[in-house]
Amino acid sequence: TLMGGTQWQISTTCFGSTTPLLTYVPDDNFENYLEANGMGDGIALNNYVYTSAIDTATNLDVNNQSISDITGIEDFTALIYLNCEVNQITSLDVSPNIALVELRCRNNQLTSINVSNNTALTYLECDENQLTSLDVSNNINLISFSCYNNQLTSLDVSNNTALNELDCFDNQLTSLDVSNNTILTAFAVRGNYLTSLDVSSNTALTGFDCGDN
């Protein structure tokens, strides 16, 4: 029976054998990469890999692999580091990957990112996409956050008090409150639509770029 849209349930036959869990991977380029790197089921282009081959992986780098659909990533439940930069991915949901510490997904075609459950995340790089909104309110351990060259009209970083670096330039922001980000040392917000900006609380700043507003 198909469970959760991505896995096949383990079933026991009358002979006592079991069928291993499978994870659905519809993107051929993603599946090819997993097969080539020992994370498949040994059958090329069947849209599935063994869940047991991926659910203990802690690092995954699929940078520049011409991937447009990263379905299957939800079963990488032990993942700490994910690099899926320079692909054609339009949507990314890593909320099941709760161990994730570092996410690099710049230069895709992303219109949505779900990091709502990723409280361990310390590094997020999602530059050069097509994001109009991004919720990082639950990512309270973020140290470095880069979202430049998107289409963001608003950004709430009030909960991200651990932020040391914030790059949100070349968006469509009309206001930004960084009063809670008191340990910020690098801050780039140029190329937005700001008419005012208060950095009086950001006494640790050593790099600050707010031009072209």
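Tutor: A residue counts as buried under 20% relative accessible area, as exposed over 50%, and as partly exposed in between. The model considered here is predicted.

Student: How does Tyr148 count on that scale?

Tutor: Tyr148 has a relative accessibility of 21%, so this residue counts as partly exposed. Across the protein chain, buried residues make up 39% of the 213 residues.

Student: How many aromatic pairs does the structure hold?

Tutor: A pair of aromatic rings is described by the distance of the centres and the angle of the planes. The structure holds three such pairs. In one of them, the ring centres of Tyr148 and Phe169 lie 4.4 Å apart with the planes at 5°, so this pair is stacked.

Student: Which parts of the chain does the pair of Tyr148 and Phe169 tie together?

Tutor: Tyr148 belongs to the loop between strands S11 (144–146) and S12 (165–167), and Phe169 to the loop between S12 and strand S13 (186–188); the pair therefore ties together parts 21 residues apart in sequence. Phe169 is buried, at a relative accessible area of 13%.

Student: What sits over the ring of Phe169?

Tutor: The charged end of Arg190 does, 4.3 Å from the ring centre.

Student: What geometry does the pair of Phe187 and Phe208 have, and where do its residues lie?

Tutor: This pair is stacked, with 5.6 Å from centre to centre and 15° between the planes. Phe187 lies in strand S13 and Phe208 in strand S14 (residues 207–209), so the pair links distant parts of the chain, 21 residues apart. Phe187 is buried at 1% relative accessibility, whereas Phe208 is partly exposed at 40%.

How values were computed: Residues are numbered from 1 along each chain as its sequence is written. This is a predicted model: local features need pLDDT of at least 70, side-chain atom pairs count only at pLDDT 80 or more; totals for chains, interfaces and linings use all residues. Side-chain values use heavy atoms; hydrogens and water are left out. Buried means under 20% relative accessible area, exposed over 50%, partly exposed in between (1.4 Å probe, protein chains only). Rings of Phe, Tyr and Trp (its six-membered ring) pair if their centres lie within 6.5 Å; planes under 30 degrees apart count as stacked, over 60 as edge-to-face and the rest as tilted. Helices (H or I, at least four residues) and strands (E, at least two) are DSSP runs, numbered from the N terminus. A charge sits over a ring if NZ of Lys or CZ of Arg is within 6 Å of the ring centre and within 35 degrees of the ring normal.
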